[in-house]
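Here are a few exercises to work through with the model open in your viewer. Try each one before reading its solution.

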Amino acid sequence: MSGKYQSVKSTIKTAAKALTIGGLTLACTSVATAADKTLTIYTYDSFAADWGPAPGIEKAFEETCECDVQFIAADSSIGALRRVQLEGASTKADIVLGLDTNIAEAARATGLFGTHNADTAALTLPTGEWSDDVFLPFDYSYFAFVYNKEKVPAPPTSFEALNALPDDFKIVIQDPRSSTPGLGLLLWIQEAYGDEANDVWKALQPKIVTVTKGWSDAYGLFLKDEADMVLSYTTSPAYHEIAEEDTRFASAAFDEGHYLQIEVAAIVESSKNKALAEEFMQFMLSDTVQDIIPTTNWVYPATTTKQGLPEGFKTLHLPEKTLLKDGVEVEKQRSEWIDQWVETLGQ
Amino acid sequence: MFPGLITASALLLLAAVLFSQLTFHPSATTLSVGSRIISILGWTTLQATLSTVLSVVLGTLLAWSLSHYGSFPGRSWYIALLSSALVLPTLVIVLGIVTVLGRSGWLNDVLSYIGVAKHDTFIFGLPGILIAHCYFNASYAARIMFDRFEAIPTEQAKLARSLGLNAWQRFKMIEWPAIAGTISKAATTIFMLCFTSFSIVLVLGGSPKYNTLEVSIYEAIKLDFDFGRALGLAFTQLLVCGALVLFANRAKHRDRLISATRATHTDQGLLRAWQLFSIIVFGILFLLPIAAVITDGLKANWVQIFTDKNFQQALVTSVLIAAISTVLVYASSTLLSISYATLTAEQRYGHGKLSRWLRQLISFSSTLYLAVPALVLGLGFFILAQRIGGSYTTWAVVALLTSNVLMVLPFAVGMLAPAMTKSANRYDKLSRSMGLRGWSRWRFLESHLLKSELIYIACLAFCMSLGDLGIIALFGNQDFITLPWLLYQKMGSYRTDEAAGIALVILMITLLVFLLPMLLRRQEPTHAAP
């Protein structure tokens, strides 16, 4: 059997060689940075992507701060939070950016985040003044069902109207257990209908063509015309209009009002660059950043800038009534509501 | 023998280390399985069983047809395409299936063109899950079964003919004994693939009632950050799959010779027409989703995609990672298979309880990772990385390579180990008398004899590693982007056209890699076994 060792040895040698070469090549591709301080920000993938807000924000901030800004992308905002939780006090993150108010309480409960110390006077959120000293809002949008105007000439105007439509009118939604819009819809119906929320879901069930894991799967199916409407944001049509010059898409205005998603950022308590992080938090509310956000993240900025909203945003449907549940209440009852939802849709 | 056993032990140790990482974390409180475990388990088993039965029956039928129909133009291409089913990027193909069978799909276009009423949406829910599972797994089963059918020696076919056996008798008396062992193995693998199915169930599942265990684990970790429940569910999954592996390994494997010459036993008449029909229908069904991905992808702006430096970087990284993974798969699966053969072949160490036990260890360790949830694997690595320290890029590379190898290993060993055993049984005496040992034996004997298996494993390792998102999402980093990760990002930010383009690139590389051996082999004569 000794002969077999030889063949094995040579196989291992080849493998080791290839691994070394590969490792070296990979090491070379990672860029070394020479700036004095590095500000590390954990966020979700599309925020950090080349076409997202991160590159513009990074460039603008680096011009003034004499530091290096590093955006680290997780697969979702919850993913970014989980990563900090996993790393605990030894995390490299100075800031976590992109959580929403529905998950913020869970984040607060970890005790990993400190105060932002930013001046919030500039904020012009639909909910009025902002009092949270840990989580700082930087943009927002409303959950809404998006449809194609050519294919749906008379969109429903409420959940009741939607439920009254024949069952071959199909919608695609996301799972509240894995997606923030999915959770948003659950809270939306809960806030609008309270104890009757379950009945709304029961009536809605035959129209749900599928429940997807994330926003992108659902939106992809909608664009393939597998459903008449998709759960997304009131600001989604702006992407099609501005980036694709396609004006066929709109969001359906619901009488019950629309649930708000406010995206927030927070400083990690264990950060060694607190002063720099605080500077960045304030910078997030500057006109520079707030003007970058609409056409890169496709949501509303959190302040009213001098330049104002881009053209495509002005024609969007702006909900008259805003719904938002208190984060503490959400955290308390979330799993109960989700269990109920699973039971209702599982029938 | 020992390097393989060490590898097997290392694999089991690695699983234990990664799992235990989750228990060390403060987020793991009490081990639980949640309140819906019975219904989740019931549903997961039901869909996996249905998918497996359908896939195996369809796959065997196709393999039988292909083998008996004999040559037709493009036969080898057809078979090469079938091989690629296992590695085609799942999400990409699922969207292709939607393009074909969806509400606004091609089928409905055709139906309305010929004036028949359009079909309702049926691909979400159980039918969709079964269709997608069959797409991937029936092709996989067919490819494996085809090899078994082809390995039946010509002499037996001739004998059957001279005895005047009909197709059914032939199947029962000659072919079934030759494929039974493989069927049970393939069925086990397919069952596990469907049991742990993730992306397909998430996209086509339709409603939360169709949640698999794997999806529940995702939910426990992602939204509830409940490691105790995640571990409880992961252990449940491991337990079911582990029991299955052990059970399947108990099934006696028939030992058949590798055929030197292709058995040409073509049928006539109705039987032959039926075979051709199966081949054509299956071929069309297989090609349609691929064609859909191509049509969707061609609409993308190619100049923009190829000049994007992120794309270029992702392409280079992905190809490199895939290449290294291939080498690692080669090394580990060879080690495991050599040991397996040594512990199986009667003339070596094939007797005794200990051998059987060690053989089980090898099978078990190489198959185990089919049952380990990717998220648990990734998290284990992540926590380990943190405890040990070092750059995330390095850890991301290590974790990605490891997960790639573990992902391919069940298939690689599943193919190589029995082949090695057969080669041992047939050629041990001859090689000993010729003094062929070790490397030279490998070079002159196995590398020729097992050529098609080795090529298949290389293609498998490369493509699976290339198309899998794996666990990179956990280690997110600006400087380390792979193609699937880029695809995922584009899909998550309205860029459906670019995403379709990147999906097409991944698909094309996958197909090219699988068809390349075909292109090359055409120019050299087939090697007859020595």
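**Exercise 1.** Which residues are linked with Lys151(A) in a network of salt bridges?

Solution. Start with the ground rules: this is a predicted model, where local features need pLDDT of at least 70, side-chain atom pairs count only at pLDDT 80 or more, and totals for chains, interfaces and linings use all residues. Residues are numbered from 1 along each chain as its sequence is written, chains are lettered from A and ligands numbered from 1 in the order in which they are written, and side-chain values use heavy atoms, with hydrogens and water left out. Next, the criterion: a salt bridge puts a side-chain nitrogen of Lys or Arg within 4 Å of a carboxyl oxygen of Asp or Glu. The network then joins Lys151(A) to Asp225(A), Asp228(A) and Arg103(B). Over all chains, the search gives 20 salt bridges.

**Exercise 2.** Take Asp132(A) and Arg108(A) and say where each lies.

Solution. Their closest N and O atoms are 2.6 Å apart, a salt bridge. This pair links distant parts of the chain, 24 residues apart: Asp132(A) is in the loop between β4 (113-114) and β5 (136-148), Arg108(A) in helix α5 (residues 101-109), both of chain A. Finally, Asp132(A) is buried at 17%, whereas Arg108(A) is partly exposed at 31%.

Note on methods
Helix = DSSP H or I, 4+ residues; strand = E, 2+ residues; numbered from the N terminus. Buried < 20%, exposed > 50% of the residue type's maximum accessible area, 1.4 Å probe, protein only.
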